[in-house]
Amino acid sequence: RRAPPIRGRVSSRRGGFALPWSPRAWSQTARRRRREQAGSGTGSETAATMSRIRPLDMSRKQYQLLADALCKLTKRFNRHEVQCLMKVFSTLVDTFPEQRITVGLDRNKFRSVLHTTFGMTDDMIMDRVFRSFDKDNDGYINMKEWIEGLSIFLRGTLDEKMKFCFDVFDLNGDGFISREEMFHMLKTSLIKQPTEEDPDEGVKDLVEIALKKLDYDRDNKVAYADFEKAVKDDNLLLEAFGPCLPDPRSALAFEEQAFKKSKECTRF
């Protein structure tokens, strides 16, 4: 059987036959469809996709698209504030030359931000805060993770902050804060006295006190339900094992610096 004829149009060039499409037109159409798909997804999908692009490689249109998606996603910041936080993030990435080949901040650079900006000093707690921000566990905090994390860090509800702190204190991620985990976290908070023969005894005493305050079902470990109930009874227990949230003064200072009412945040 003869193959059906290819429908097209006659081209005047070399007397040949031209198809109704060309490789160039096909490529342009494919790129346009990919852009439309990126913009038509949910806020979370769009933000996740766009956050994989390095800040230095992002076009103005991509920057604005990401800002819109993150504004809808976080609901804690308005559009101006989201753009300002994106600007801060891009500046931080540019500050560290070795970070320019990546899509975000690695553990050491993020810990440097926690220390210099929010006054955190506990290495173990800062490492756990990094893990809480790094939702996809790829070893870097991208733009989406940065703004989502800061939405809880700076303006989260009590429930959000309780969940955040519990995840920080749950060192092995098994859903409980054990005696051993309490001991490791509290040990770094005590200053060793020269006359102390066994400083660990003081830490063990603190663990027992913490268990009496937090362990409602008396099973020698703290589940989230225990932690939630204890913190709602006494908000001071929110950071019982170390400061994992910024104090109000440093948080306010960061916001005042980041959210300056200027046009700088909207520039790219």
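Burial, to start: of this protein's 268 residues, 38% count as buried. Keep in mind that this is a predicted model. The accessible surface is about 16400 Å², and carbon and sulfur atoms account for 52% of that.

In secondary structure, the protein has 12 helices and 4 strands. As for contacts, take those between residues at least 6 apart in sequence: 59% of them join residues at least 24 apart.

Now the core. The largest nonpolar core has 60 residues, and the members that touch the most others are Val-129, Trp-146, Phe-153 and Phe-169. The biggest contribution to this core is from helix α4, residues 79–95, which supplies 7 residues.

Which residues does Val-129 contact, leaving aside its neighbours within four places in sequence? The list is Phe-110, Leu-114, Phe-153, Phe-164, Val-168 and Cys-244.

Next, a residue in another setting: Thr-117, in helix α5, which covers residues 107–118. Is Thr-117 buried, partly exposed or exposed? Its relative accessibility is 30%, so Thr-117 counts as partly exposed; the buried class stops under 20% and the exposed class begins over 50%.

Beyond its neighbours within four places in sequence, Thr-117 is in contact with Ser-250 and Phe-254.

Technical notes:
Residues numbered from 1 in each chain as written. Predicted model: local features only at pLDDT ≥ 70, side-chain atom pairs only at ≥ 80, totals over all residues. Heavy atoms only, no water. Core = buried A, V, L, I, M, F, W, Y, C linked by side-chain atoms within 4.5 Å. Buried < 20%, exposed > 50% of the residue type's maximum accessible area, 1.4 Å probe, protein only. Helix = DSSP H or I, 4+ residues; strand = E, 2+ residues; numbered from the N terminus. Contact = heavy atoms within 4.5 Å. Areas by Shrake-Rupley, 256 points an atom, 1.4 Å probe, with all protein chains shown as cover.
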